[in-house]
Amino acid sequence: MKRTKVIDALKRTDFGSDITVMGWVRSKRGSKGIFFIALNDGSTIKNIQIVGEDQHFDEAMVKLITTGACIRVNGVLVESPAAGQASEVQAKEIEVLGACDSTYPMQKKGQSFEYMRQHAHMRLRTNTFGAVMRIRHNMAMAIHTYFHEHGFFYFHTPLITASDCEGAGNMFQVTTKNLYDLKKDENGQITYDDDFFGTQTALTVSGQLEGELGATALGQIYTFGPTFRAENSNTPRHLAEFWMIEPEMAFYDKQDLMDLEEDFIKYCVRWALDHCQDDLAFLNQMIDKTLIERLESVLKEDFVRLPYTEGIRILQEAIRNGRKFEFPCNWGDDLASEHERYLVEEHFKRPVIMTDYPKEIKAFYMKLNEDGKTMQGTDVLFPSIGEIIGGSVREESLDKLMAEIQRRQMDTTTLEWYLDTRRWGTCPHAGFGLGFERLILFVTGMQNIRDVIPFPRTPKNAAF
Ligand code: ATP
Ligand code: MN
């Protein structure tokens, strides 16, 4: 008989009909010749209850129905006498598809996340990771839907690149050169003419520069793909491989950009509340009791729009009033996460879009303000996360952009194609990057970014 998914089985009301369900045993208990199985197949956080009478089943088979085992059940759908569930399955036949002995690492409840990370390949079968992964999927759908409905084109930028977006290091090199017998030139320098691409290449740290080419042709594009940063910082908010969403829009100014950032994030959060109710209810109960309240509160209020200079003033006033921070925050400093969180969580108590940063702490491509000191960045800072979006208006003037590039003594040989956007038919434009896992952290209430991606890549860890 055709399998019914648990999510559908729980909605069926044709009591008395035959039904087949398959899944993994969450738990089994028994009393007075009857056993009860909580069965989950990943389609929903909810389990379906299977009821069987010991006398109808082979004793050895019943013994194999342990936590983690995979089974197929043929039976009859019946109305459940138990509270909290409409239906259950009265088992007629049970087949153990995959037994699961006591060495199964996800056996016990309440294991630490650290323990589960060491078994990241099996943690997906737990309630928490099932919920997180279903929400992750739903957020991807929300993002594609939002942009599609707003006339953005999904634009694919390369993962292997010969240019470094931010002009900073921390890239993973890509090569087919023999690392055990590295060919060098007469000066002892590594050559790249004999490498696969004939030039030094690396995995992308951002698709923005190519995204700008898309936006200045198609009007509005977005990317959604993997991004790689060899940042040797072991924080709960950084991965070496993460997914980034980068919309880029022609003819957008700072105001348009901030409006889009706010509308887009609110849409995603609303989508989660509308489409992930069961998983959110579970996480709200098990992980973070204020989760749903926090998601709803983000929707209710306008994000604060705060110039950096004003932010520094507020932080310094807090320091004068006795607030202690680990890192300094004088005008010109890059704000640490503790500063961002103070502004968002303690001072304003709602999300903040911080704007107009000192040019020294921002990337070369941002549009310079008339003061000559600040740039039109628009980062979105969120409660419990800190920076969730990094955005900016892009400098569209070739002269100003070149002046900034020269000031930074950047090598333009691998950037000429980018500068062509300003040489021919340049236009005002803007864009931002949203870290997908940071959004998932916020929406799930999870604390560590390693726990919102199936197989995290972090320093000294590329297992699975
Ligand atoms: P941070 O200061 O937190 O390192 P950033 O300034 O390096 O962030 P951007 O280069 O602006 O970040 O990247 C855009 C977005 O990508 C960030 O707002 C964040 O959501 C996400 N992001 C950046 N680095 C990482 C990372 N290593 N792991 C996961 N997400 C990241
Ligand atoms: Mn960073």
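This is a predicted model: local features need pLDDT of at least 70, side-chain atom pairs count only at pLDDT 80 or more; totals for chains, interfaces and linings use all residues.
Residues are numbered from 1 along each chain as its sequence is written, and chains are lettered from A and ligands numbered from 1 in the order in which they are written. Local features need pLDDT of at least 70 and side-chain atom pairs count only at pLDDT 80 or more, while totals for chains, interfaces and linings use all residues, and side-chain values use heavy atoms, with hydrogens and water left out.

**Aromatic pairs**

A search of the whole structure finds 22 aromatic pairs, where rings of Phe, Tyr and Trp (its six-membered ring) pair if their centres lie within 6.5 Å, and planes under 30 degrees apart count as stacked, over 60 as edge-to-face and the rest as tilted. Two of these pairs are set out here.

| Pair | Centre to centre | Angle between planes | Class |
|---|---|---|---|
| Tyr267 and Trp271 | 6.0 Å | 40 degrees | tilted |
| Tyr308 and Trp331 | 5.8 Å | 80 degrees | edge-to-face |

Tyr308 lies in helix α9 (residues 308-320) and Trp331 in the loop between α9 and α10 (337-348), so this pair ties together parts that are 23 residues apart in sequence; helices here are DSSP runs (H or I, at least four residues), numbered from the N terminus. Tyr308 is buried, with a relative accessible area of 0%, whereas Trp331 counts as partly exposed at 37% relative accessibility (buried means under 20% relative accessible area, exposed over 50% and partly exposed in between, with a 1.4 Å probe and protein chains only). The charged end of Lys373 also sits over the ring of Trp331, 5.5 Å from its centre, a term that requires NZ of Lys or CZ of Arg within 6 Å of the ring centre and within 35 degrees of the ring normal.

Tyr267 and Trp271, by contrast, both lie in helix α6 (residues 254-275), four residues apart, about one turn of the helix, and both are buried.

**Helices**

The axes of helix α5 (residues 208-218) and helix α12 (residues 416-423) come within 10 Å and cross at roughly 30 degrees, the axes being lines fitted to C-alpha atoms over the stretch in contact, with angles from 0 to 180 degrees between N-to-C directions. That makes α5 roughly parallel to α12, since angles under 35 degrees count as roughly parallel, over 145 as roughly antiparallel, 65 to 115 as roughly perpendicular and the rest as oblique.

Nine of the nine residues of helix α13 (residues 436-444) are buried, so α13 is largely enclosed by the rest of the structure. Just after α13, Gly445 takes a positive phi of about 80 degrees.

Note on methods. Helices (H or I, at least four residues) and strands (E, at least two) are DSSP runs, numbered from the N terminus.
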